[in-house]
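This report concerns a single protein model. Please examine the sequence and the coordinates before reading the sections below.

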Amino acid sequence: MKIYKFETLTSTNEYMKKNSDKFGNFDIVIAETQTEGKARRENVWFSDKGMALFTFLVKKKGDFDDTEYLKLPLIAGLSVIKGLNRIEKLNYMFKWTNDVYLDEKKLCGILSERNGDNFYIGIGININNHLPEKLKNIAVSLSEKMGKQYDINEIAVYITEEFKTLYTDFINGLWNEILSEINSRNFLKNKKISIKSGKNLKSGIAENINNDGEIEVLINNELHSFSFGEIMNEKIMIEK
């Protein structure tokens, strides 16, 4: 595991993909800022100095169906939680499919991309940055919450180390144990959500993430599974 640090990149994912022959398994590229940070579905990812902005390389391993690798963003989410817990033990939650939340607000976004047998796990975490006022009702910064600064390189290494351990467990057939831990941090569980899948928008109560990495949603007393989709909103259900 080697660390490559840059002041500015267009995107840590793009840089690593374009220079993949230079990197070994679990090598990390860190940028202080990104000028063209990406989120899922080609959305722009807000990138600011003080954030942890990094990508690590994961090489395909294991003789099983390629669809199994669709679970990597979930494993990455748990890795972020476990890595951050080595810095600050807080109630981090995983929001299917690729976010980590704290205090009901977004702390981290994850973008997993594939090129051949290489996977690029891009991570952006609000660590030492100060959030603009317009984002403070939907996002949270670890530094602003705890009132101190953190070593971003250390955080990137911790998260990558946790991913390496979980990835080894995954390859060795321990997905059920990993999934159980993910579901124990399931941000959407028991929330009323609307999920946009293709052109369809459906609403229901979020349940567990299933063995295929899909979110299960109770719609009109019937359980539906979604392998992809955008969560449009979520509300905490209060029983009366």
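The sections below treat the basis of the model, its domains, its helix packing, selected residues and the backbone.

## Basis of the model

The structure is a predicted model, in which local features need pLDDT of at least 70 and side-chain atom pairs count only at pLDDT 80 or more, whereas totals for chains, interfaces and linings use all residues. Residues are numbered from 1 along each chain as its sequence is written, and side-chain values use heavy atoms, with hydrogens and water left out.

## Domains

The domain assignment divides the protein into domain 1 (3-184) and domain 2 (191-236); such bounds come from an automatic or database domain assignment. Taken over C-alpha atoms, the centres of domain 1 and domain 2 are separated by 23 Å. Domain 1 gives 13 residues to the contact and domain 2 gives 18 residues, where contact means heavy atoms within 4.5 Å.

## Helix 2 against helix 4

Helices (H or I, at least four residues) and strands (E, at least two) are DSSP runs, numbered from the N terminus. Helix 2 packs with helix 4 (residues 152-171) at an angle of about 130 degrees, and their axes are 8 Å apart. Axes are lines fitted to C-alpha atoms, for helices over the stretch in contact, and angles run from 0 to 180 degrees between N-to-C directions. Helix 2 and helix 4 are therefore oblique to each other; angles under 35 degrees count as roughly parallel, over 145 as roughly antiparallel, 65 to 115 as roughly perpendicular and the rest as oblique.

The crossing of helix 2 and helix 4 is right-handed. A crossing is right-handed if the near helix is turned clockwise from the far one by less than a right angle, and left-handed if anticlockwise. On the side of helix 2, the residues that meet helix 4 are Leu72, Ile75, Ala76, Leu78, Ser79, Val80, Lys82, Gly83 and Leu84. Their counterparts in helix 4 are Ile155, Tyr158, Ile159, Glu162, Phe163, Leu166, Tyr167 and Phe170. The residues of this contact comprise 13 nonpolar, two polar and two charged. In this division, Ala, Val, Leu, Ile, Met, Phe, Trp, Tyr, Cys and Pro count as nonpolar, Asp, Glu, Lys and Arg as charged, and the others, Gly among them, as polar.

## Helix 2 against helix 5

Helix 2 (residues 72-85) also packs with helix 5 (residues 175-183), at an angle of about 60 degrees and with the axes 10 Å apart. Helix 2 and helix 5 are therefore oblique to each other, and their crossing is left-handed. Leu74, Ile75, Leu78 and Lys82 of helix 2 make the contact with Trp175, Ile178, Glu181 and Ile182 of helix 5. The residues of the contact divide into six nonpolar, no polar and two charged.

## Residues at the helix contacts

Leucine 78 belongs to helix 2 and, at 2% relative accessibility, counts as buried. Buried means under 20% relative accessible area, exposed over 50%, and partly exposed in between (1.4 Å probe, protein chains only). Leaving aside residues up to four places away in sequence, leucine 78 touches Leu166, Ile178, Glu181 and Ile182. The C-alpha atoms of leucine 78 and methionine 146 are separated by 21 Å, at 68 residues apart along the chain.

Two residues of helix 4 may be considered next. Glutamate 162 lies in helix 4 and is buried, with a relative accessible area of 15%. Beyond residues up to four places away in sequence, glutamate 162 touches Ser79, Lys82, Gly83 and Arg86. Tyrosine 167, likewise placed in helix 4, is buried with a relative accessible area of 3%. With the exclusion of residues up to four places away in sequence, tyrosine 167 touches Phe26, Val58, Lys59, Lys60, Lys61, Tyr69 and Leu72. Tyrosine 167 and leucine 72 are 95 residues apart along the chain, and their C-alpha atoms are separated by 8.3 Å.

## Backbone features

A cis peptide bond, with omega about 5 degrees, joins tryptophan 96 and threonine 97. Threonine 97 is located in the loop between strand 4 (93-95) and strand 5 (99-102).

Glutamate 104 is not a glycine, yet it has a positive phi of about 65 degrees. Glutamate 104 occupies the loop between strand 5 and strand 6 (105-115) and is partly exposed, with a relative accessible area of 46%. Asparagine 190, also not a glycine, has a positive phi of about 70 degrees. Asparagine 190 lies in the loop between helix 5 and strand 8 (191-197) and is partly exposed, with a relative accessible area of 45%.
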